[in-house]
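Please examine the structure shown below.

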There are 2 protein chains.
Amino acid sequence: MSDIASFTDRLIVGIKEKKSILIVGLDPQFRFMPPHLVEKVSSEYGKTLEGIGHLFFEFNKEIIDAVLPFTTAVKPQMAFYEMYGMWGLWAFEQTVAYAKSKGLLIITDAKRGDGSDTANAYASGYLGTIPVFEETVASPIQSDALTIHGYIAEDCVPRFVKIAKENGTGIFVVDKTSFKPNSSIEQLKTQSGLTVWQELATLIQSWGEGSEGKAGYRNVGVVMGATYPEDATWMRKTLPNSWFLVPGYGGQGGSADEAVISVNSDGFGASVSSSRAIIYAYREGPYKNKPEQFALAAASAAEFSKKELNAALERAGKLTF
Amino acid sequence: MSDIASFTDRLIVGIKEKKSILIVGLDPQFRFMPPHLVEKVSSEYGKTLEGIGHLFFEFNKEIIDAVLPFTTAVKPQMAFYEMYGMWGLWAFEQTVAYAKSKGLLIITDAKRGDGSDTANAYASGYLGTIPVFEETVASPIQSDALTIHGYIAEDCVPRFVKIAKENGTGIFVVDKTSFKPNSSIEQLKTQSGLTVWQELATLIQSWGEGSEGKAGYRNVGVVMGATYPEDATWMRKTLPNSWFLVPGYGGQGGSADEAVISVNSDGFGASVSSSRAIIYAYREGPYKNKPEQFALAAASAAEFSKKELNAALERAGKLTF
């Protein structure tokens, strides 16, 4: 165990400071970029992949500044960076560094899943350290936590768990996503009478043993979509002290009341993620057709979400900060 | 459907030309890099991430030249590039471009899995085209095929299938990996009496409908480890005209006879992958302790593997080229 506070302990400090369980997804898509930014970067870097990298970073930087008072962490979705290759990764690295410099935690949503040496490679890059000639250093993609798949290879998740534990970082195993419908595999009943996703939850409970931070919350967490409120109740009972990453609030239709089902009675244990309802808030509502005010729109949407989630926590008798 | 030949059709052309079902995994790991290459790149680029990028590309370039007569495709494992961030991606992009220039197909082993817009983003980057300002172009990470996870989100795999079909590219859904043991989830029996991996196989069969190339082989394939020969027989019956990506031959203990179980009686339908037994052949056998001859060792190991697989095909009565 590293001497820095573990991921869940750092999250709790942030939640108390910001009084918010919201986290903001950073999913840059070219089609939603404000035209004035597109113009600015293309005049400076050309209509190139390098230009896309700068466009995404400029966009993210303004979003980060805007949502900073209302969020503890950002959740970049790797797919949107990676599809542009090295310049996409450049934007990702710059975004990670900038968000860290502002005191935000980084939960990278990459849903990696592999075994053996490959699992170690992913875990070293995102959650640990990498060899660079004689030195062992943090990768520029190093995050505070990473989403991973847990269905393959008996030793896949344990390799991520080990490296996370050694570095004070965390993982979220993808179990119930917010997508509707979930896959038919997840819904299958096994001969024990549980569904496949419930079987996975019981495995996550055993993989996470001993990963508790000082506040008692495990650094081996789970993805539990806001769009499945009944399942969230079951998941919370099964994984009482795991941290829950809750997507699907906002843009994907989960309500604040549904999202906070995953929160424990102490007010902690879950981070609720919203991406496009915040970062692309300028496309609807009062800022509609004012793309040059995208950051203001994002700040307003993040503040609204924070308050809406806190109101839901209060209704549920769970608001403690 | 694009007017270029589909992925499986291009693979078949390559197999006939090279008379080989072998594909070579490109998994660069710093600890196995030949010292003379380490010295060369660090004197030129410093002991930096950029230096690592050049090191991996130099290594891959010599490996590609060495194995070219014996293989139809290379299979880079993304984890080993991605862990170094943008300079790792740089090495990946250079490797892809170099291998393509030599006529090799690229099967990127990234095991991506997500739904909705995120699935589209991964599929656009690896298998289709991406928006770069007003233009729509191939990403520098564009590959001929990609490995993906099939357990989550009902619409995950179909999104990859759609973009692959439109672009003449292919996917391999991860089902039975070569890892021992497989995960306990995969082995669970459902109430129909099938295991979870068998349930996934039946889904892959339905997702792949209509993805056949001109030669009749589907471009929606499956990962089927060489280390599970009995399961390969079942998988072949269930997915008669899907292409199989077969890891686990060589380094991971699967024999040539086990690996070719996935090949159909026409001699096609499966590509057998070997990574470290070829690219790090200099660490064992006749080239042991001669790291400066790593390319020669790789060529020799690739030729041996090609011949060993063909001999196994002949024993099984499946050698048709």
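The paragraphs below treat the barrel, the nonpolar core and the aromatic pairs in turn.

The model is a predicted one. In chain B, eight strands form a closed barrel in the order β1-β2-β3-β6-β7-β8-β9-β10, with parallel pairing. Neighbouring strands of this sheet are turned against each other by 30° on average, direction ignored. One of the pairings joins strand β3 of chain B (residues 105-112) to strand β6 of chain B (residues 145-149), in the parallel sense and over three bridges. Ile107(B) stands opposite Ala145(B), a residue of β6(B).

Which residues have the most contacts inside the largest nonpolar core? They are Phe160(A) and Phe160(B), in a core of 242 residues. Leaving aside residues up to four places away in sequence, Phe160(B) touches Asp114(B), Ala119(B), Tyr122(B), Ala123(B), Leu127(B), Leu146(B), Ile148(B) and Ile171(B).

Over all chains, the count of aromatic pairs comes to 27. In one of them, the ring centres of Tyr81(A) and Phe92(A) are 5.5 Å apart; their planes meet at 70°, over the 60 degrees required, and the pair is therefore edge-to-face. Tyr81(A) is buried, at a relative accessible area of 0%, and Phe92(A) is buried with a value of 0%.

The rings of Phe32(B) and Tyr280(B) have centres 4.8 Å apart and planes at 55°, so this pair counts as tilted. Phe32(B) belongs to the loop between β1 (22-26) and α2 (35-45) of chain B, whereas Tyr280(B) belongs to the loop between α12 (276-279) and α13 (294-315) of chain B; the two residues are 248 residues apart. Phe32(B) counts as buried because its relative accessibility of 8% is under 20%. Tyr280(B), at 5% relative accessibility, likewise counts as buried. In chain A, ring pairs link Phe32(A), Phe59(A), Tyr280(A) and Phe294(A) into a cluster.

Lysine side chains also meet aromatic rings. Lys180(A) lies over the face of Tyr228(A), 4.5 Å from the ring centre. In chain B, the charged end of Lys176(B) sits over the ring of Tyr228(B), at 4.0 Å from its centre.

Conventions:
Residues are numbered from 1 along each chain as its sequence is written. Chains are lettered from A and ligands numbered from 1 in the order in which they are written. This is a predicted model: local features need pLDDT of at least 70, side-chain atom pairs count only at pLDDT 80 or more; totals for chains, interfaces and linings use all residues. Side-chain values use heavy atoms; hydrogens and water are left out. A nonpolar core is a set of buried Ala, Val, Leu, Ile, Met, Phe, Trp, Tyr and Cys residues joined through side-chain atoms within 4.5 Å. Buried means under 20% relative accessible area, exposed over 50%, partly exposed in between (1.4 Å probe, protein chains only). Contact means heavy atoms within 4.5 Å. Two strands pair if DSSP finds at least two bridges between them. Helices (H or I, at least four residues) and strands (E, at least two) are DSSP runs, numbered from the N terminus. Axes are lines fitted to C-alpha atoms, for helices over the stretch in contact, and angles run from 0 to 180 degrees between N-to-C directions. Rings of Phe, Tyr and Trp (its six-membered ring) pair if their centres lie within 6.5 Å; planes under 30 degrees apart count as stacked, over 60 as edge-to-face and the rest as tilted. A charge sits over a ring if NZ of Lys or CZ of Arg is within 6 Å of the ring centre and within 35 degrees of the ring normal.
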